[in-house]
Amino acid sequence: MENQVESLVKLIKQREKEARAKVLSFVSGKGGVGKTGIVTSLAYVLANTFNKRVLLLDCDVALGNVHVLLGLSPDKNLKNVLKGVPIEKVIQNVYNFDVVLGFSGIDGIDELESLETANLLLQIERVVENYDYILLDNSAGLNRYTIGFSRAAASTYVVTTPEPTALTDAYAFIKSLYKLYSYSNFKVIVNMAKSRREGFDTYERLQHSINRFLGIDVTLAGIVPYTNRYREALRKRVPFVELYPSDSYSVEIKRIAQLETGQLLKEEESFVEKLVKFFFKGE
Ligand SMILES: Nc1ncnc2c1ncn2[C@@H]1O[C@H](COP(=O)(O)OP(=O)(O)OP(=O)(O)O)[C@@H](O)[C@H]1O
Ligand SMILES: [Mg+2]
């Protein structure tokens, strides 16, 4: 089983290179730090602002809740894929991106054990060329799923909050993946920051420990602010960026997408450009 996963990880990485699709994994040490909200908004922005072909996979085995944020019912879900149904039959399109929903509840630990990560990796490998980005929303903490998915990813985004417990757990996650598999493609997102300063200090503390004890560096991908409007988007079951595109939460998600794609956002036309168009070009 371990060897099978090993060769699939290699295969996916090879196909990623050929197809130029990027697999990005979103993880955290501690739960409830905002991964699902961030990854859902990022899928939305990559598809709608950057015109990318995006597949969002809810890899939170047993407690998946992407469907809640997107207002979908999870009838077709990841469990079907893990049990062998072709991924194409389970993919749904919403807000211009594709999604494979997760599932909540599991009949017992035996069932969890029998679900095949290898099978899912194989299925991802088949559709990788249909997308520019494949985003994986993982469960919190280290387990064989988060390890398997993150190792197959070009980058792993570690989400943390400024809370010391979240930070300690983020460090533990990075340390384990690095020590066990020499994996070091980490990017850090600090969520629920009360200020840019607090977010930056949080990142600096993490980077400092990682550099000192592991000898590697992690890049800062974004500082997502705490927002009182979050609950409203949840209540309406609409992605936050769709409901509040100008909120600083959404602006930061766009900045993260911009950094990831290396593409600049099309700037709003300036006042002078609008005047030139009106007076000289008759538009
Ligand atoms: N930037 C934010 N501002 C305010 N509240 C937030 C923000 N981000 C997340 N939250 C709150 O945190 C809760 C958990 O968010 P989310 O479900 O995205 O976390 P998660 O890391 O995916 O959790 P899990 O580990 O259970 O998968 C949200 O329901 C919301 O109440
Ligand atoms: Mg989640």
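1. A crossing of two helices is left-handed if the near helix is turned anticlockwise from the far one by less than a right angle, and right-handed if clockwise. With that in mind, look at α6 and α7: α6 passes α7 in a right-handed crossing. Helices here are DSSP runs (H or I, at least four residues; strands are E, at least two), numbered from the N terminus.

2. A word on what you are looking at: this is a predicted model, where local features need pLDDT of at least 70 and side-chain atom pairs count only at pLDDT 80 or more, while totals for chains, interfaces and linings use all residues. Residues are numbered from 1 along each chain as written, chains are lettered from A and ligands numbered from 1 in the order written, and side-chain values use heavy atoms, without hydrogens and water.

3. Start with helix α6 (residues 117-127) and helix α7 (residues 144-152), whose axes come within 11 Å and cross at roughly 25 degrees (axes are lines fitted to C-alpha atoms, for helices over the stretch in contact, with angles from 0 to 180 degrees between N-to-C directions). So α6 is roughly parallel to α7 (under 35 degrees; over 145 is roughly antiparallel, 65 to 115 roughly perpendicular, the rest oblique).

4. Which residues of α6 and α7 meet? Thr117, Leu120 and Leu121 of α6 touch Arg144, Tyr145, Phe149 and Ala152 of α7 (contact means heavy atoms within 4.5 Å). Five of the residues in this contact are nonpolar, one is polar and one is charged (Ala, Val, Leu, Ile, Met, Phe, Trp, Tyr, Cys and Pro are nonpolar; Asp, Glu, Lys and Arg are charged; the others, Gly among them, are polar).

5. Now follow α7 to helix α8 (residues 164-181): their axes lie 12 Å apart at an angle of about 70 degrees, and α7 and α8 are therefore roughly perpendicular. Their crossing is right-handed. Thr146, Ile147, Ser150 and Arg151 in α7 meet Phe173, Leu177 and Tyr181 in α8, a contact with four nonpolar, two polar and one charged residues.

6. Next, α8 meets helix α9 (residues 196-214), with axes that come within 10 Å and cross at roughly 35 degrees. This crossing is right-handed. Residues of the contact include Leu167 and Ile174 in α8 and Leu206 and Phe213 in α9. Here the contact divides into nine nonpolar, two polar and three charged residues.

7. Finally, find ligand 1: of the 17 residues around ligand 1, Gly34, Lys35, Thr36, Gly37 and Asn191 come nearest (near means a heavy atom within 4 Å). A side-chain N or O atom of Thr36 is 2.8 Å from a ligand oxygen, and a polar side-chain atom of Asn191 is 2.9 Å from a ligand nitrogen.

Terms used. Polar contact = N/O pair within 3.5 Å; in protein donor to acceptor, adjacent residues only side chain to side chain.
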